[in-house]
Amino acid sequence: MTIDPAAFERYRHSPNVRTTLPRLLFGTGIVVLFWAATTVAVLVGGTYAFIAWQATPSSGIQGFLASPLGILTALVSFAGIWIGLWVAMRWVHGEKLSALLGNSRRVSWSGFLKGLIAVLITSFISEVLLYLLQPQITRGPIGLSSWLLFAIPIAALTLLQTSSEEVLFRGYLLRGLANRFTSPFVWALPPALLFTSLHWSASSSPAINACVLASIAAFALLLTLIVYATGNLGAALGAHLGNNLTGFLLISHQESYNSFALFNARPLEGPGWATSDAVLIAFIGIACSLLTIVLLLHQRSPLRVAAEFP
């Protein structure tokens, strides 16, 4: 399984002369600012509406965040990343936002579909293995009719969330750093580690946090490798969407995000997980990421993604 770097080399050399390290850092600050401002705006507004609707002021923002409306609002807040990226690309770098998508400046929809299917397959395998480890699955609180009603809005908002993260971490940061530095330890690792660190949970035990972060890091490196192989964000967008849709709509492992899932597994942030459980969970996550790489990059795989050239 070999990877031709030609597509990525074209992608990394596509930025103009205004893509310097200081401008990249300044642009990242703009994105963070818009993301934070949007998050505060939608959370404050959503909490106010939630309290007024429920007429229970004591529930506050924590009650709102745990509600279905709170989950939807949290997903909407990722629109701030898209806004910040547009501002940074337009006014800091003098480029169109579409330049981040790939060599053709548009999403490879064939790659998107293959990435989505590959991760849905490996997510199914992962859930079977996790069930064998901890066969504690219950039916979620949402009814089937309500689930069908919310499936499309949740899918759309999940795409908003995952696409914003991919364009930021595997597009803006990776492309900008790769344009300035040749070592993958500089252009690949920092965005992957930053992406991974955002998934730290204060409510989880150190062992569970370590296993989750190890799995997320493996997934982040998988997404980076896909972009390296294709020179396009399409397959990474599909893979990330498939991963998050599984957790939001099918089977949830997080108590705070299970309002729309058909089934609830034992929450990872709950008590009682042994260190051996955490090691096995990390092994399952890493193994499934490796399997996804095989599905998307092996020469004989029907889901193999192709390098993109304009």
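Reader: Which helix holds threonine 246?
Author: Happy to start there, with the note that this is a predicted model. Threonine 246 sits in the stretch of residues 234-250, and that stretch is helix 11.

Reader: Is threonine 246 buried or exposed?
Author: A residue counts as buried when its relative accessible area is under 20%. Threonine 246 has a value of 8%, so the residue is buried.

Reader: Which backbone oxygen does the side chain of threonine 246 reach, and which residues is threonine 246 in contact with, leaving aside its neighbours within four places in sequence?
Author: The side chain of threonine 246 comes to 2.8 Å from the backbone oxygen of glycine 242. Beyond the neighbours within four places in sequence, its contacts are Leu120, Ser123, Glu127 and Ile251.

Reader: Now to the rings. How many aromatic pairs are there, and what is the arrangement of tryptophan 109 and phenylalanine 112?
Author: The count comes to eight aromatic pairs. Planes over 60 degrees apart count as edge-to-face.

Reader: Where do tryptophan 109 and phenylalanine 112 lie, and which of them counts as buried?
Author: Both tryptophan 109 and phenylalanine 112 belong to helix 6 (residues 109-133), three residues apart, or about one turn of the helix. Tryptophan 109 has a relative accessible area of 59%, so this residue is exposed. At 11% relative accessibility, the buried one is phenylalanine 112.

Reader: What about the rings of phenylalanine 150 and phenylalanine 260: how is that pair classed?
Author: The centres of these two rings, phenylalanine 150 and phenylalanine 260, are 5.1 Å apart. Because their planes stand at 55 degrees, the pair is tilted.

Reader: How many residues apart in sequence are the parts that this pair ties together?
Author: Phenylalanine 150 lies in helix 7, while phenylalanine 260 lies in the loop between strand 2 (251-252) and strand 3 (263-265). Phenylalanine 150 is partly exposed at 29%, whereas phenylalanine 260 is buried at 4%. The pair therefore ties together parts whose separation in sequence is 110 residues.

Reader: Which helix gives the most to the lining of the largest cavity?
Author: The structure holds one cavity of 30 Å³ or more, and the space in the largest cavity is about 30 Å³. Its lining includes Tyr172, Arg175 and Gly176, and by class has four nonpolar, three polar and two charged residues. The most comes from residues 144-180, with three residues, and that is helix 7.

Reader: What is phi of arginine 105, and where is its place?
Author: Most residues other than glycine have a negative phi. Arginine 105 has a positive value, near 65 degrees. This residue is partly exposed, with a relative accessible area of 39%. Its place is the loop between helix 5 (79-92) and helix 6.

Reader: Last one: how far apart in space are phenylalanine 26 and alanine 88, C-alpha to C-alpha?
Author: Phenylalanine 26 is in helix 2 (residues 21-54), and at 52% relative accessibility counts as exposed. Phenylalanine 26 and alanine 88 are 62 residues apart in sequence, and their C-alpha to C-alpha distance is 8.2 Å.

Definitions and conventions:
Residues numbered from 1 in each chain as written. Predicted model: local features only at pLDDT ≥ 70, side-chain atom pairs only at ≥ 80, totals over all residues. Heavy atoms only, no water. 1 Å grid on protein atoms, 1.4 Å probe; cavity = no way out; pocket = protein on both sides within 12 Å on 5 of 7 lines; lining within 4 Å. Points joined across faces, edges and corners; volume = space filled by probe spheres on them. Helix = DSSP H or I, 4+ residues; strand = E, 2+ residues; numbered from the N terminus. Nonpolar A, V, L, I, M, F, W, Y, C, P; charged D, E, K, R; others polar. Buried < 20%, exposed > 50% of the residue type's maximum accessible area, 1.4 Å probe, protein only. Polar contact = N/O pair within 3.5 Å; in protein donor to acceptor, adjacent residues only side chain to side chain. Contact = heavy atoms within 4.5 Å. Phe/Tyr/Trp six-rings, centres within 6.5 Å; stacked < 30°, edge-to-face > 60°.
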